[in-house]
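Subject: Structure handover

Hello,

Here is the structure you will be working with. Please open it next to this email, and read my notes below as you look.

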Amino acid sequence: MTLKNNTREFDPEIVTDFREKMSYGAYLDLPTLLAAQKPVSVPEHHDELLFIIQHQTTELWLKLVLHELQAAIEALRQDQLAPALKGIARVKHVQRTLTEQWSVLATLTPTEYAQFRHVLGNSSGFQSYQYRAVEFALGNKNRRMLTVFEADAAANALLTATLEAPSLYDEFLRYLHRAGFDIPASVLERDVTEAWTFHPELVHIFREIYENASEHWAAYEACEELVDLEDNFQLWRFRHLKTVQRIIGMKHGTGGSSGAAFLQKALELTFFPELFAVRTEIGA
């Protein structure tokens, strides 16, 4: 069949005059957004735009992740588990998008990147304050990280506030305590500015939840959502590592880190260790 007219006509109700109406571009502030990509290579290298957009897009998604985690933490604080899990579910979808996004950067070959890597100076993803805030919100806290952001008052303030506030896991355990589970006082009263460390006394509590899921369904579901969250984070870390290895091998990072070796160590970090330890106990 041959189409006589391959042009779609406007519906008569479609708005076309935006002299006094808000448009799509105005709502999203597209002039600002699309002007934010400023390659610094001279002459401008074709692939630097990819590199910039990859990282800017990541920062936008991290902004949403942090937004949802903060809301989930507040919901748990108010014993509103369902809204908290809804927020965590959204974060999980964003995490999958972030992980898939590495495949775009992986199209950058070592030769292409080497032609403009030098213009990055000491800038590095290590300096992403939103990424650090997400890690802090999940319990992987490190006060020393604040020194990286001393020159950025807004970033330092956000990270300080997140460091000093209970993490998602802290608030979940407090929620369980209020729901009648015997969470130890040492956990409830711990210094929340410190990175979470393994508490073996929590494992038997999670075993009770898992082995009696029908009686503790809400807590059981929440535990699995947190496991999903950590799984997704680890997959993102692994994909990051493999992309870096693919593009720069074992070179040091532009920010001074050991590069792939530094990222490899991050795979050893965990947010909710008791939720993984309990798996060894169930059915034993």
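Helix H8 (residues 168-178) is mostly covered, with eight of its eleven residues buried. Buried means under 20% relative accessible area, exposed means over 50%, and partly exposed is in between (1.4 Å probe, protein chains only). Helices are DSSP runs of H or I with at least four residues, and strands are runs of E with at least two, numbered from the N terminus. The buried residues of H8 include Leu 168, Tyr 169, Phe 172 and Leu 176. Asp 170 and Glu 171 are buried in H8 too. Just after H8, Gly 180 has a positive phi of about 110°.

Some ground rules. This is a predicted model, in which local features need pLDDT of at least 70, side-chain atom pairs count only at pLDDT 80 or more, and totals for chains, interfaces and linings use all residues. Residues are numbered from 1 along each chain as its sequence is written, and side-chain values use heavy atoms, leaving out hydrogens and water.

Now the core. A nonpolar core is a set of buried Ala, Val, Leu, Ile, Met, Phe, Trp, Tyr and Cys residues joined through side-chain atoms within 4.5 Å. The largest one has 69 residues. Leu 168, Phe 172, Leu 176 and Phe 206 have the most contacts inside it. Helix H11 (residues 217-248) gives the largest share of this core, twelve residues. What does Leu 168 touch, not counting residues up to four places away in sequence? Its partners include Leu 69, Ile 88, Leu 138 and Leu 226. Contact here means heavy atoms within 4.5 Å.

Next, helix H7 (residues 153-164). It has twelve residues and reaches 16 Å from its first C-alpha to its last. That is close to the expected 16 Å at 1.5 Å a residue; the expected span is 1.5 Å times one less than the number of residues. Ala 155, Asn 156, Leu 159, Thr 162 and Leu 163 are its buried residues. They cover an arc of only 135° around the axis, so they sit on the same side of H7. The arc is taken from the directions from the helix axis to the C-beta atoms. These buried residues pack against helix H6 (129-137). Ala 153 and Ala 154 are exposed, on the face turned away from the buried side.

Leu 188 lies in helix H9 (residues 185-188). Leaving aside neighbours within four places in sequence, Leu 188 contacts Leu 173, Arg 174, His 177 and Ile 183.

Last, the aromatic rings. Rings of Phe, Tyr and Trp (its six-membered ring) pair if their centres lie within 6.5 Å; planes under 30 degrees apart count as stacked, over 60 as edge-to-face and the rest as tilted. By this rule there are 15 aromatic pairs. Tyr 131 and Phe 233 form a tilted pair, 5.9 Å centre to centre with 35° between the planes. Why does this pair tie together parts that are 102 residues apart in sequence? Because Tyr 131 lies in helix H6 and Phe 233 in helix H11. Tyr 131 is buried at 11% relative accessible area, and Phe 233 is buried at 6%. Phe 233 also pairs with Phe 271: the centres are 5.0 Å apart and the planes at 85°, so this pair is edge-to-face. Phe 271 is in the loop between helix H12 (260-266) and helix H13 (273-281). Both Phe 233 and Phe 271 are buried. One aromatic cluster includes Trp 102, Tyr 131, Phe 233 and Phe 271.

Best wishes
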